[in-house]
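Subject: Structure handover

Hello,

I am passing this structure on to you. Please look through it before reading the notes.

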Amino acid sequence: RKKIEQPRCALFFAMCWLFLVKWGGLDLEVRSYPNGIIGIFCSVAACIVIINIVKEFPLPDVLRIPLEWGGKHFVIFLGIHCIVRDFAPWATNMVSAPIMIQLLVEILVACAVCALSVLIKHYTTCFLQKNDWRERIYLFILGAYFARVIFDTTMFQFSWPVFFYPVIRVAALIIAWNNVINAKWDNRKNALGCLIVAVIFCFSFTMTGYEFLFDLGILLLGAVGVSGRKIVKVYFICVLVVMYLALIASLTGCIPELVYKEGELYKHSFGICYPTDFAAHLVYMMLAFWVVFKKIPSIIPAIIMAGLTVTQLVFCGTQCSEIVMALSILCVIYVAISQRVMRENKILRKLIIGVDKMVCMTTIICAVVIITLSIKYNPDIPRLEQLNQILSNRLLLAQNAFQQYGISLFGTTFEMIGNGSGVVSRTGYNFIDSSFCLILIRYGILPFGAVLL
């Protein structure tokens, strides 16, 4: 590397680049390699020249860090771009997108796959170097569970082994029991709290039959003593892998890509069972990215979130996820500014602490507001009817569920009919899009309170 960065080597590669471009280089757009390995050497020489030019300019960290990372892995990126460009019929699958947007998506996919390969290598190495066998086993179990659950929201048709969930549950139960028995004194309160919540979820499971409630309970007990950041990191890696597998598979025609047409807007699901599910995955993935990579300047996740907000607007048309992503950008900026202010200004520190406590209460406030509006909804009141139309009949659907199933301590079993995994509207649509109302009706008051707290 040091030899390549010497001025003489940079000059040599520049001459090679100019000579080979004149002779006939490498055209990625049509994948034409007129001179075989010489053409590839031309592109490598061009990258080395550009890297040496960029090094001579003082750049802020926001630009320097991604450029250094891209320069270090440019050969991987180049190979991935060629492979994806060859096998992905972008113009066919992205019928509503302009050429520049298609090019942007191509670049983002290549960057994401390149980053994914590097991340998998890095975190696999870190994982193998850990000393706590319980933590390693738990994170592996959690990763397998996350992968299965996220895959179930895609259009992949896998024949999962029938013993998958039983093995996961038995292993998680062993880890959970070990954690409760061997919890340190400083973790006893956390272990007791997790045990109470796990019991609540298990009671709800026995009353409703929804097995994932039992899974949540034992996985929660298994998390005692495990860093929350590590759990979020496992989730981020799983959702990133599955999302981009689904994206590439849908664009290459390996799995169906559901496209819904509303007026002039085409809503793409990109290999996920519904556009809103795809957009929700993006939101949670970016929030996990922000939590995991604390050392990265906050402006970078904010910029990525802004780009994904535009992507959702253009390709998915999911207003709720766009609003949540925009609010997440504000939260990222607020946290970055408040942390700096708290270090420098003691007077404003108390004010910021008060604001933080108010922000923590927003979940409870939002739950109370949407549940009250759903119960009190009356189509004869113009303002409520207008709000219901803005929310795509969410108030009406939630009110129908409240009237039909009521509220109980541990929930009520009922089937929800939605439009996921298909483009044909189904009769008897009763899907409750409001998560607060859904949890309260379907899983009960006590699980609802445990989720809020």
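The notes below go from the whole chain to single elements and residues.

Background

This is a predicted model, in which local features need pLDDT of at least 70 and side-chain atom pairs count only at pLDDT 80 or more, while totals for chains, interfaces and linings use all residues. Residues are numbered from 1 along each chain as its sequence is written, and side-chain values use heavy atoms, with hydrogens and water left out.

Whole chain

The chain has 20 helices and two strands. Helices (H or I, at least four residues) and strands (E, at least two) are DSSP runs, numbered from the N terminus. Of the 453 residues in the chain, 39% are buried. Buried means under 20% relative accessible area, exposed means over 50%, and partly exposed is in between, with a 1.4 Å probe and protein chains only. Take the contacts between residues at least 6 apart in sequence: 66% of them join residues at least 24 apart. A contact means heavy atoms within 4.5 Å.

The two strands

Strand β1 covers residues 259-262 and strand β2 residues 265-268; they pair in the antiparallel sense over four bridges. Two strands count as paired if DSSP finds at least two bridges between them. Lys261 has Tyr266 in β2 as its bridge partner, and Tyr260 stands opposite Lys267 in β2. The hairpin has two residues between the strands, and Gly263 takes a positive phi near 65° there. As background, side chains in a regular strand alternate between the two faces of the sheet.

Helices α12 and α14

Helix α12 (residues 275-292) packs against helix α14 (residues 319-344) at an angle of about 10°, and their axes are 10 Å apart. Axes are lines fitted to C-alpha atoms, for helices over the stretch in contact, and angles run from 0 to 180 degrees between N-to-C directions. The angle makes α12 roughly parallel to α14. Under the cut-offs, angles under 35 degrees are roughly parallel, over 145 roughly antiparallel, 65 to 115 roughly perpendicular, and the rest oblique.

On the α12 side, the residues in this contact include Thr276, Leu287 and Trp290; on the α14 side they include Ser321, Ser328 and Val335. The residues of the contact divide into twelve nonpolar, three polar and no charged. Here Ala, Val, Leu, Ile, Met, Phe, Trp, Tyr, Cys and Pro count as nonpolar, Asp, Glu, Lys and Arg as charged, and the others, Gly among them, as polar.

Ser328, in helix α14, counts as buried because its relative accessibility is 7%. Leaving out residues up to four places away in sequence, Ser328 touches Leu287 and Met305.

Salt bridges

How many salt bridges does a search of the whole structure find? The search finds four. A salt bridge is a side-chain nitrogen of Lys or Arg within 4 Å of a carboxyl oxygen of Asp or Glu. In general, side chains of opposite charge can pair when their charged atoms come close.

One of them joins Lys230 and Glu135, whose closest N and O atoms are 2.7 Å apart. This pair links distant parts of the chain, 95 residues apart, with Lys230 in helix α11 (residues 228-251) and Glu135 in helix α7 (residues 133-151). Lys230 is partly exposed at 27% relative accessibility, whereas Glu135 is buried at 11%.

Arg169 takes part in two others. Its side chain meets that of Glu211 in a salt bridge of 3.2 Å, N to O. Glu211 is in helix α10 (residues 211-222) and Arg169 in helix α8 (residues 164-181), so this pair ties together parts 42 residues apart in sequence. Arg169 also forms a salt bridge with Asp215, the closest N and O atoms being 2.6 Å apart. Arg169 and Asp215 are both buried. Salt bridges that share partners join Arg169, Glu211 and Asp215 into one network.

Pro447

Pro447 lies in helix α20 (residues 445-452). Is Pro447 buried or exposed? Pro447 counts as buried because its relative accessible area is 1%. Its contacts, not counting residues up to four places away in sequence, are Ile200, Phe201, Ser204 and Leu409. Pro447 and Gly411 are 36 residues apart in sequence and 8.5 Å apart in space, C-alpha to C-alpha.

Regards
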